[in-house]
Amino acid sequence: MSGPDRPDRPGRTSRSAREESPDRLYTVTGGRSHSDPKEFDLVTLVVSECSPTITMQSEHAAILRICQSPTAVVELAADLDLPISIVRILLGDLLSSGRITARHPRSTATDTASSLPDPDVLKQVLVGLRNL
Amino acid sequence: MDFATSEQPVSGTAEDGLPERTPLSASTTQGLKIVVVGGFGVGKTTMVSSVSDIRPLNTEETMTQAGEGIDDLSAVRGKTTTTIAFDFGRISLNERTVLYLFGAPGQERFWFLWNRLFSGTLGAVVLVDTRRLADSWYAIDRLEHHGTPFIVARNDFGGPEHTTEQIRDALDLPESVPLINCDARSRESSKEVLITLVDYLYALSAGHVHRP
Ligand SMILES: Nc1nc2c(ncn2[C@@H]2O[C@H](COP(=O)(O)OP(=O)(O)OP(=O)(O)O)[C@@H](O)[C@H]2O)c(=O)[nH]1
Ligand SMILES: [Mg+2]
């Protein structure tokens with residue numbers, strides 16, 4: 001009861017990968033375990049470069065379908081109902097085979113205590129927010 | 001946690017009136033993030049939905065007890081994992097830029113994943129309920145520790161009146177950190193919170209204001 005709200009969308013299965021055992025996650029990623037977290041930020045926008053095929057693993061096919069328009073990693077995770085780190089692994093596969101491209105956030109922001117976001121980016125955000 | 005009971009109606013006629021997720025424009029190249037953090041029930045999800053273009057979605061990250069994401073799947077097998085859930089909404093700012101707004105819990109175990117999930121965030125809004133100010137001490141402490149600039153927004157639940165000074169005092173908040181009142185249910189008010197944050201970030205990055 002104390003968890004965040006769980007707004008839902010149509011087409012989402014009630015089955016949650018989240019409550020499943022790590023074994024299912026192991027199956028989803030074929031046991032591969034390498035993804036560089038720096039490669040896919042939560043807001044990296046992913047775009048498909050090809051159509052899904054019937055021989056593809058279903059998660060890969062789903063990503064290619066969803067990413068016909070730019071889609072953030074975090075949206076994919078919500079759509080696929082998989083933890084972020086698993087989605088990163090799946091995306092790593094697709095990226096290395098050239099099936100997707102990734103639009104990474106510009107690293108302008110507060111990765112370290114000293115760096116601050118680029119004023120130009122912030123100005124753009126302010127204009128956008130004021131126009132809402 | 002019983003997720004099934006908190007599911008909302010799925011049709012476009014839900015009371016929040018927000019559309020299901022619409023595709024981003026093909027020209028969108030830049031994703032930005034802002035995090036709204038606070039204690040249980042303080043209005044995080046409400047604020048995210050107030051300004052989001054889409055109905056908020058929920059997702060999660062799973063980590064091992066060591067606080068690592070589960071990249072190493074072989075290591076996960078047989079290890080206890082913990083899951084951190086958070087929700088998010090989205091605002092298309094212009095044809096190239098989209099802002100993601102995250103509603104994140106402030107509890108202790110969540111901060112293990114901060115760098116992994118929210119490094120690169122523009123900044124944060126700490127949402128506080130004056131009836132439970134102590135709930136936000138930890139979040140403020142962690143944000144300072146991570147060097148993430150933040151503002152504090154007091155969500156009005158109709159509790160006893162406190163002056164800004166009293167709240168600043170209770171939170172040990174430096175003068176330079178903006179503290180504003182808001183109503184997370186109001187779109188205008190939530191927009192104002194974001195604008196206050198970004199104004200502050202701008203002042204910091206232009207060197208007009210110094211970091212606390
Ligand atoms: N009076 C008042 N109620 C509010 C305000 N903001 C949110 N609420 C209500 O407070 C309750 C909790 O809000 P949520 O947005 O779910 O809070 P949350 O921080 O996401 O909660 P958890 O994810 O469960 O930690 C809801 O019933 C809201 O309608 C506000 O500004 N004023
Ligand atoms: Mg919530």
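**Close-up views of a predicted model**

View 1. The model is predicted: local features need pLDDT of at least 70 and side-chain atom pairs pLDDT 80 or more, while totals for chains, interfaces and linings use all residues. Residues are numbered from 1 along each chain, chains are lettered from A and ligands numbered from 1 in the order written, and side-chain values use heavy atoms, without hydrogens and water.

**View 2. The pair B:Trp114 and B:Phe118.** Over all chains, the structure holds 10 aromatic pairs (ring centres of Phe, Tyr or Trp, the last by its six-membered ring, within 6.5 Å; planes under 30 degrees apart are stacked, over 60 edge-to-face, the rest tilted). The ring centres of B:Trp114 and B:Phe118 are 5.3 Å apart and the planes stand at 55°, so this pair is tilted. Both residues belong to helix H3 (residues 114–118) of chain B, 4 residues apart, about one turn of the helix (helices are DSSP runs of H or I, at least four residues, numbered from the N terminus). B:Phe118 is likewise buried, at a relative accessible area of 1%.

**View 3. The aromatic cluster of chain B.** One aromatic cluster is formed by B:Phe86, B:Phe88, B:Tyr100, B:Phe102, B:Phe110, B:Trp111, B:Trp114 and B:Phe118.

**View 4. Residues between two helices of chain A.** In H3(A), A:Val73, A:Val74, A:Leu76, A:Ala77 and A:Leu80 meet A:Ile84, A:Val87 and A:Leu91 of H4(A) (contact means heavy atoms within 4.5 Å).

Methods. Buried < 20%, exposed > 50% of the residue type's maximum accessible area, 1.4 Å probe, protein only.
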